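Q: Can we go through this model and ask what the labels attached to it rest on?

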Amino acid sequence: MRYRRPGLDVFSHLLLILAVIAFLFPVWMALTAATHSRTDLYTSIAPLWFGSEGLHNFISVLTEPIPGVGASASTMLLNSLVMSLGIAFGKIAISMLAAYAVVFFRFPGRALCFWLIFMTLMLPVEVRIVPTYQVVADLHMLNSYPGMILPLMASATATFLFRQFFLTVPPELLEAARVDGAGPWKFLWDILLPLSKTNIAALFVIMFLYGWNQYLWPLMITTDQSWTTVVVSLKQLASASDALVPWQLVTAMALLALIPPVVVIIVMQRYFVKGLVDSEK
Amino acid sequence: MATFQHQRLTPWLLLAPQLVVVGLFFFWPAGQAIYQSLFTQDPFGLASTFSGLQNFIDVLHDPEYLAAFTVTILFTLSVAVASLCIALLLAVLADRVIKGSRFYRTLLTWPYAVAPAVAAVLWSFLFDPSLGRISHFLELVGVHWDHHINGGQALALVIIASVWVHVSYNFVFFLAGLQAIPKSLLEAAAIDAAGPWRRFWTITFPLLSPIMFFLLITNTTYAFFETFGAIDATTAGGPGGATRTLIYKIYEDGFKGLDVGHSAAQSVLLMILVAALTLVQFRYIERKAHY
Amino acid sequence: MATLTLNALKKRYPNGHLTLHGIDLKVAHGELIVIVGPSGCGKSTLLRSIAGLESITEGDLWIDDTRVNDKEPAQRDIAMVFQNYALYPHMTVFDNMAYALKNRGIPKQECEQKVRETAKLLGLEELLERRPRQLSGGQRQRVAMGRAIVRSPKVFLFDEPLSNLDAALRVQMRLEIRRLLKRLGTTAIYVTHDQVEAMTLADRLVVMNGGQVEQVGAPLELYSRPATRFVARFIGSPSMNLITLEATTSPLAKHPLVRDMPAEPMEKAATLGIRPEHLRITDPLQALFRLEVEMVEPLGADTLVYGHAAGIAEQIVVRLDGIHPLEESAQLYLGAERENLHFFDVEGRRV
């Protein structure tokens, strides 16, 4: 807008910067606390500046078994990574195939499949968490990557997004491909997949965050500590002893838990916004 | 839509993975929940007897369930209202400033990447009774803070942490909505001598109301489910059930208390509630499509 | 080079709607057939049935001596140019053109050679590494042509390939397509709704209406001897004047040119057709009717005059050569040569 008011501009910037600082504040406090030793920390209130420990606390959680958890943060980071990548790629793969079938084929039972899949949009995994646990236990998938990943893939959000996108693909493209001698699989691989790149990237960001930040599900199905994810373990570390909370370790862990998804969201900002806005339409 | 013809097997091959996953981990458990909600199990899970709607009646008469319901409503409303208001304010400001708009967007959206559980742990450090910066400050102004003992403060802590995460989500949508408003509309209003304040309430806000409605629903489901981690990691439903939401109670009863029947009944009730919400949302989207 | 034979071709959609009512057509080697008709007449469906993009409900489709009804598009050895070009947006011009060749397992070197030859033919050499979105409309059109040509198919199919171009480019591409097709000597079917395009391109023209073929023939044959009232109105611009004859009451029916028609056809004739350019100013004695001028459109090279005549319900259009300073409400006596009068019976067939 061209009718500007300088006073209002300054005020806007001021408030925005204030918000940026407020958003960063908890992370900053975690960062400073993580560079102190426990004794330093508990001599006064939480420090505003870095302490003398440097990266020592980070190295210690990454290499040593964490009290109350039993595994080191590197194991848990790996678990988180496998789980979130598994969910992201798995969901993208099965959703894309299913959406492809629903949009580009006509076959008896198509409408039924469509509704079966889209009914899952109604209920998030948390609602049916206890029976899902029983199913996974019956399938002997507790404490395993498939057990952590597959139930979280059972939703149609990505299928819906792919369907919306496929419907915008000009039908002549399919016809041209048929004239050019491309069958269904070739069309999917040579044409549809490259055209979906942006959508896949956007979905990847959303699904990676979704997977990484899961709490209830991995908490329930990982009874063996070596399968715990980093987000879940935070609580166990914080409440390990009845005595004082080891905040220098907890904050270090919390930072390790938030850095990967935050990096993804910042690096892929454009796709993140697209993915978020598209997947909620 | 152009389609492939003479393909009988291919579509089923394509659908198979999703159908298997959805069947195994959605329909089977959902069916189980409904089935179990109609049976009473003995504490060892050895025998179960059909009990009709008894579980539902028990649950609805359980004062703890009703308390959890109240907590959920209070929690949901606070999170939704607070994060919507803050996000709208920030989005309007970020939309106003031309310089640095992208910069602000990045710096105001990253908290969305933080897991609610992690966020809650970060905030509980700030509110830690012995060394937290904020609790220390509150002490100075005469408020004694200990969310391990004080139920209201415990609820406030989880609300703050959840809002902190969710503001960024709403911010993204509000900003996208604001940027989609044709500038000519606002210019027309400016020519009609409407000041910035009037312009916002008479033009911008009404045009944002569809997004507002949509966000209200997604915020509700967020507060219902995704905040489980925030609650479990900091207050674990306590003290005294002050932060025990519906989903937390299902988890407690079904998983810790092994009371499968009642937990299943609660699941079914929650399913109905969420399905109703989703249907409202679908209907609204359908209506929007006609514009 | 190939022949194409359509034998009582019918297309019924799953919802029961019959789009093609049995089409018969024989296309010779290297012939350029243009199918023209109003929208919804079934011309695109016919083309897509030939391509194999729509299944054929009844009848036979032969390419040379092979019945291809049940063959996939790719097995029919045809190539198609789409209205919106349907270029693969993520592939370069080169890859777009080479895609069909690669799918047929043609060795890379041969692919490359063929693409380059075709690119040269169409003047696309400089553009081979570009992507479709970096091309202008005309260039995209050319690439779409190139993608079809590079395979040297038996039959080319064109689905309104010029309708997304602006007028000037359309004229230029029209000439180019004609020249190219004659040079390649490939059989081609070309669908359009633009009658100028149809007239200038076609060896033979197929006029379709309501899922049926109204007339097949050389463009000028259709112009001078339209077989039906529909073809008469569809070919030529402005459209032919069609005048309903009521044998007893209309003064026109008593005019010697009309009255002296052989008795038998005259009884059946229900409509008299005269093209606007065939009406000329004449003396009152020989005139078919007297026109009350209502509107004049001076176009420079000719002048269009609109008006009504006594006893004729329809508005009459006259095309006069050159400039005519006519006033509105002026009166014109108009006549025509005998060979330029067309008579149609009640069913709309030529008498």
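This is a predicted model: local features need pLDDT of at least 70, side-chain atom pairs count only at pLDDT 80 or more; totals for chains, interfaces and linings use all residues.

**Labels and their cut-offs**

Q: Why are β14 and β17 of chain C called paired strands?
A: Two strands pair if DSSP finds at least two bridges between them. Strand β14 (residues 289-298) and strand β17 (residues 331-335) of chain C have four bridges, so they pair, in the antiparallel sense. Strands themselves are DSSP runs of E with at least two residues, helices are runs of H or I with at least four, and both are numbered from the N terminus.

Q: How many bridges join β14(C) to β15(C)?
A: Seven bridges join β14(C) to strand β15 (residues 302-309) of chain C, and the two run antiparallel. Pro298(C) stands opposite Thr303(C) in β15(C). The hairpin of β14(C) and β15(C) has three residues between the strands, and there Gly300(C) takes a positive phi near 95°.

Q: What makes β2 and β5 of chain C edge strands?
A: Strands β2 (18-27) and β5 (66-67) of chain C each pair on one side only. They belong to an open sheet of four strands in the order β2-β1-β4-β5 (chain C), with antiparallel pairing. Within this sheet, five bridges join strand β1 (residues 4-12) of chain C to strand β4 (residues 58-63) of chain C, and Thr5(C) stands opposite Trp62(C) in β4(C).

Q: Which helix lies across β1, β2 and β4 of chain C?
A: Helix α1 (residues 43-51) of chain C lies across these strands, running at about 65° to β2(C). Axes are lines fitted to C-alpha atoms, for helices over the stretch in contact, and angles run from 0 to 180 degrees between N-to-C directions.

Q: At what angle do α4 and α13 of chain A pack?
A: Helix α4 (residues 73-104) and helix α13 (residues 230-238) of chain A pack at about 140°, with their axes 8 Å apart. Ala73(A), Met76(A), Leu77(A) and Ser80(A) in α4(A) meet Val230(A), Val231(A) and Ser233(A) in α13(A). By class, this contact has five nonpolar, two polar and no charged residues. Nonpolar covers Ala, Val, Leu, Ile, Met, Phe, Trp, Tyr, Cys and Pro, charged covers Asp, Glu, Lys and Arg, and the others, Gly among them, are polar.

Q: How many residues of chain B are in contact with chain A?
A: 79 residues of chain B are in contact with 83 residues of chain A. A contact requires C-beta atoms, placed from the backbone, within 7 Å. Helix α1 (residues 9-36) of chain B gives the most to this side of chain B, with 18 residues.

Q: How does the radius of gyration of chain A stand against that of a compact globule?
A: Chain A has 24 Å, whereas a compact globule of 281 residues would have a value near 19 Å, so chain A is above the rule. The radius is taken over C-alpha atoms, and the globule rule is 2.2 Å times the number of residues to the power 0.38.

Technical notes: Residues are numbered from 1 along each chain as its sequence is written. Chains are lettered from A and ligands numbered from 1 in the order in which they are written. Two residues are in contact if their C-beta atoms, placed from the backbone, lie within 7 Å.
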